[in-house]
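Work through the exercises below with the sequence and the model in view. Each task is followed by a solution in steps.

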Amino acid sequence: MSEIRYEKPKTLQAAVALLSGANGQARVLAGGTDLLIQMRSGRVEPELLVDIKGVPEMRSIVAESDGFRFGAAVTCMELIEHEEFARAWPGVTDGVKLIGSIQVKGRATVGGNLCNASPAADSVPGLIAAAAIARIIGPNGQRDVPVQDIPAGPGRTLLAKGEIVVSFLLPRRSPRSGDAYLRFTPRTEMDIAVVGAGVNLTLDKKGFCTQARLSLGAVAERALLVHDAAAALIGTPIDNAALDRLAAAASAACRPIDDKRGTKDFRIKVAGVIARRAAEIALERARRTN
Amino acid sequence: MAKHRVTATVNGDAVEFLCETRQTLLEVLRDELRLTGTKEGCGTGDCGACSVTVDERLVCSCLVLGVEAQGKSIQTIEGMAGDKELHPLQRKFLEHAALQCGICTPGILIAARSLLERNPDPTEGELRYWLAGNLCRCTGYHKIVEAVLDAAREMRGG
Amino acid sequence: MSTMVKYEEKELRVVGTRPLRPDGVDKVTGRARFAADYNLPGQLIGKVLRSPHAHARIKSIDTSKAKALPGVKAVVTRDDFADMPVEYALSGELTINFRDVTRNMMAREKVLYDGHPVAALAATSEWIAREAIKLIKVEYEVLPHVIDVLEAMKPGAPLLHEEQYTQDVTPKPDRPSNIAKRLAFSRGDIEAGFRQADLIIERTFNTKPVHQCYIEPQACLASYTEDGQVELWTATQGHFVFRAQCAKVLQMDVSKIRVTPTEIGGGFGGKTNIYTEPLAIALSRKSHRPVKMVMTREDVFRATGPTSGANVRIKMGCTRDGRITAAEAELNFQAGAFAGSSVGQASMCAFTRYDLDNVRVVGNDVTVNRPKVAAYRAPGAPIPVFGVESVIDEMAKKFGIDPIEFRLRNAAKEGTQTYYGPKLGRIGYIETLEKARAHPHYSAPVGPNQGRGVATGFWYSIGKETCVALNINEDGTVTLMLGTVDVAGGSRASMAMMVAEELGIDYDKVRPIIGDTSSLGFNFVTAGSRSTFASGMASVLAARQAIEKMRQRVAQIREVPLDDVIWKDGQALPAGSAAKQFAPMSLTEIAKVAGKTGGAIAGHVEINAQGAGPGFGTHIVDVEVDKQTGLIKILRYTVVQDVGKAIHPAYVEGQFQGGAVQGIGWALNEEYVYGGDGVLQNPGFLDYRVPVFSDVPFIDTVIVEVPNPNHPYGVRGCGEVPIIVPMAAIANAVENAIGIRLCEQPMSPPRVLKAIGEAAAGNLKV
């Protein structure tokens, strides 16, 4: 029976050093809303917890020239309450709003939501649709990685030992752009997504789609970027026919499992429905920004 | 390994306690500080019975480690009533019979106060979504919603 | 001898108002102490090792490494508890068998469900206890398991109990079976009844097991001292029954155990059985220290007493003018690991809302590899009512008869002969139907994909052993000692109100307390909607006893004949016929001199309350169905129910609203999900989905009062009826919204979407 070591570094370098130098299992402690549950159940037995909430770069939200950068350890509530960010990226904010209760959101972070790597993570499809880039710091320096390349499978990421996701960059918004995230859950709140869909799109002056990204959560071992769905929308005025094609592409892209939250069939059917509805909201937001 | 020595403020009073890394704030409140008003309903952040505020942020204390409370200001149900009288939310809960067994009541009062501090005039829908992290099995939620909306009215001076 | 006290109509001063509950301030300030809030110096923390298998023989248990871990002070297994012979007793609304009780609290030959206790230990800290549990080595011979009730009934199914032969079957079976008991009720000639019918509908319904989900996990603190005395604090709905059960399984005198019922965080029937209490007592006995045992939420789901899942076949016939001619039900209920489900109660409630000549109900109590089921608010009744009220709706629709009208044409009333025994006395079923029909909800418009459903429910309610002691204090205030636990509903306030009414004093002069087991005679569990009825009756009788004594004192003090003294508005006055006038004496004045006039004045009552009045309810619900996802949204809900007399209307409304929302959860999303290995997959509030704040609207309530003739204030139990109706009402609403009849519960989105798909493909037989 071992005691767990707890450290709260004040700098990124110190955090990286602790994590890469750890002999046994080490875990980043951000919001703790996934980690503490896993520790309680015995699924995870860390010997070292590195509390990164004291590292300034991980806690800030800044509007930069090339977009918005927010720290991986910013809490969901802080992000939701940031009016400028929520206005620029309502879809990403939709997803963040759905990460559990107000209590959970008071602690949980987008960095944690991503790195916990649940295929159903609510912030991830919106980030992927937004083409968000994660900045990673590790013993070998810094690298920038598209968010969709970080989760590897349920509970696994492609981060190397000692690496931490520091912040996320959301690119500058083009005019006439809108994003949305919708999910299906049996209750109105407090459920893990059975299907999640993040859509981000841009229209030209005539109302035709010039860019589109659809990402689906909870329908594969990790969140998917569905290229066929984008193809269904680009060049169209996003009419019913285009939306039908989007829905079909979404359903076709799924490779879900049967589990206590939903069956394969249900997920495949509902993925199309949710993707379509998310696209409709994103479209309406894109039209409104004009 | 030595325990952590933590200093914090609980309900306005300076406190000091020892805890192991793995002890949650909920365990510290109940077992070390003997403040048993905050309850464990599930231990996994799904029921809200353990709700407290940490630096005015509504959280589940079962999902916060005791050591993370260092330097923080924590508010629990025991601090809700003033020196002389009950908080309007507490009074309205009694008037509206918004509690039955009472096990979820501390968590809901803390959560409701947190909402009203941010949004003094919530709609029924906003209230229900804010409190979705607090489960109640006895009341069907009806009288709780009525009590909170009535308290909000009174607190706005209506 | 049983007690019945007749209803008297009179003007009321306190009863029917809405004073604050006496436990309220403690609860809103966090002062109220629930079981897990209790601590004793030197206490140890107890933990249970639970079976990871659904069905296995225990070959060996090795606790040596656990015992050796520093900080571990006591370990118990089956070897520490005596085997019990077969012996039945009532526990709440279900019957228990002590041979099973001892096996449920600690497995003996076999483990019969995932979570079944195999060993327990007590250590100086939570962490040491958890580590020590991991060090206990158990050798299992895993056996095939069975959970589905129909599978378990088949010959050749994995057998839980080799010595269980189906009871009440002739000829006596020669092979053991998972069917523990078969029961049957009948009236009239069912075949003739079907022959008279213009329409016969037969349908099968399946429901999954659900849990009461009280927010407070079970917890207890036991202290066994060297003189063989036990103090036990525990979250219980019935401290006297817990005392009795602990005494039995631990082979102790009842008088040596003192049980204090702590403030309880919800029960709903799930806290009427012992789980860790005898283990804590045994560990305390071994370690010579108090032992505290608090269940985790996971333990609660895996190893307390959820409900039965069931398979129900309903067949009913009616004439074209809507008269039911025949009603038949076959109920197959999971009992869990040991016999004793609520299939009997369910059988009684299936059809009792209707005046029927030809009825046949057969019920099977079936053991399966799941935790032993316990009562859950009107145990069993929601399940057949789901089926019966659905079929009735179909029949009404077929002949174009309004669903409330159809029920009115068949409604049970005073004098209706039930098929399970008694004749119904004065009831308020028709009143609830008529009030529902007149309610604005019933005629409000509905939109596309929206539908309205109506259904009704009945619960018989019970009375039983109840003791109360009422003491007049020296200053004229009153302490009322109750033995029925106030399981949240506010009953202690209601008793105080009735006493205040009887004595003619202010409500806040009466302080109700729930006494521990040492302070009163035996009180049955708070269950069966009995506490306001039975304890209320006893409290009223105790108040009347005290009044008698006070009249005698005044007659003595004022030197007048007893008959010349009456009691009115809190004082003794000369009767109208009194020969001599005398100065009145208030209760306070009498109390002040009580010591000098013969001693303290009290009333105490020990009764077996009879005459519980059945309760009936009618619910109306509007739903909206998202046909693309199968999601059902509850738009509007109204509960109309006869409670005889609402002593405290806000508490009655609270029962309606709480029970209705539990029923909504049962209908829509709650279910136990088992893997192929028989292990429970969703033992937590994340994936066991109870309704949250945003899932339900306001629940409108209409209190109907048709007084129960056998209670001084006309009270009928009210807590259970509300949960019976929602499943059926929602199923009926869905049918009206999208034309699909759902016969599987929960009506979760995947099931609904599948049914929509099948109907569209023409596969679903309507």
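A salt bridge is a side-chain nitrogen of Lys or Arg within 4 Å of a carboxyl oxygen of Asp or Glu. This is a predicted model, in which local features need pLDDT of at least 70, side-chain atom pairs count only at pLDDT 80 or more, and totals for chains, interfaces and linings use all residues. Residues are numbered from 1 along each chain as its sequence is written, chains are lettered from A and ligands numbered from 1 in the order in which they are written, and side-chain values use heavy atoms, with hydrogens and water left out.

**Exercise 1. Describe the interface of chain A and chain B.**

Step 1. Start with the salt bridges: the rule finds 5 across the interface of chain A and chain B. In one salt bridge the side chains of Glu81(A) and Arg57(B) meet, at 3.0 Å from N to O.

Step 2. Chain A and chain B have 7 residue pairs in polar contact across their interface, both residues at pLDDT 80 or more.

Step 3. Locate the elements, where helices (H or I, at least four residues) and strands (E, at least two) are DSSP runs, numbered from the N terminus. On the side of chain A that touches chain B, at least two residues each come from β1 (5–7), α2 (35–41), β3 (48–51), α3 (76–80) and α6 (102–105) of chain A.

Step 4. Sort by class: Ala, Val, Leu, Ile, Met, Phe, Trp, Tyr, Cys and Pro count as nonpolar, Asp, Glu, Lys and Arg as charged, and the others, Gly among them, as polar. The side of chain A that touches chain B then has 12 nonpolar, 8 polar and 9 charged residues.

Step 5. Count residues in contact (heavy atoms within 4.5 Å). Chain A gives 29 residues and chain B gives 31.

Step 6. Take the buried area, the accessible area (1.4 Å probe) that two parts lose on being put together, summed over both. Between chain A and chain B about 2,500 Å² is buried, and carbon and sulfur atoms give 61% of this area. Glu3(A), Gln103(A) and Arg107(A) supply 26% of the area that chain A buries against chain B, more than any other three residues.

**Exercise 2. How many salt bridges lie between domain 1 of chain B and domain 2 of chain B?**

Step 1. Find the domains, whose bounds come from an automatic or database domain assignment. In chain B they are domain 1 (4–79) and domain 2 (88–155), and their centres, taken over C-alpha atoms, are 21 Å apart. The contact takes 16 residues from domain 1 of chain B and 14 residues from domain 2 of chain B.

Step 2. These two domains of chain B bury about 1,100 Å² between them, with 57% on carbon and sulfur atoms.

Step 3. The salt-bridge count between the two domains is 0, while 4 residue pairs are in polar contact, both residues at pLDDT 80 or more.

**Exercise 3. Why is the pair Phe458(C) and Phe616(C) tilted?**

Step 1. Rings of Phe, Tyr and Trp (its six-membered ring) pair if their centres lie within 6.5 Å; planes under 30 degrees apart count as stacked, over 60 as edge-to-face and the rest as tilted. By this rule there are 21 aromatic pairs over all chains.

Step 2. The ring centres of Phe458(C) and Phe616(C) are 5.1 Å apart and the planes stand at 40°, so the pair is tilted.

Step 3. Phe458(C) is in strand β18 (residues 450–459) of chain C and Phe616(C) in strand β26 (residues 615–626) of chain C, so the pair ties together parts that are 158 residues apart in sequence.

Technical notes
Polar contact = N/O pair within 3.5 Å; in protein donor to acceptor, adjacent residues only side chain to side chain.
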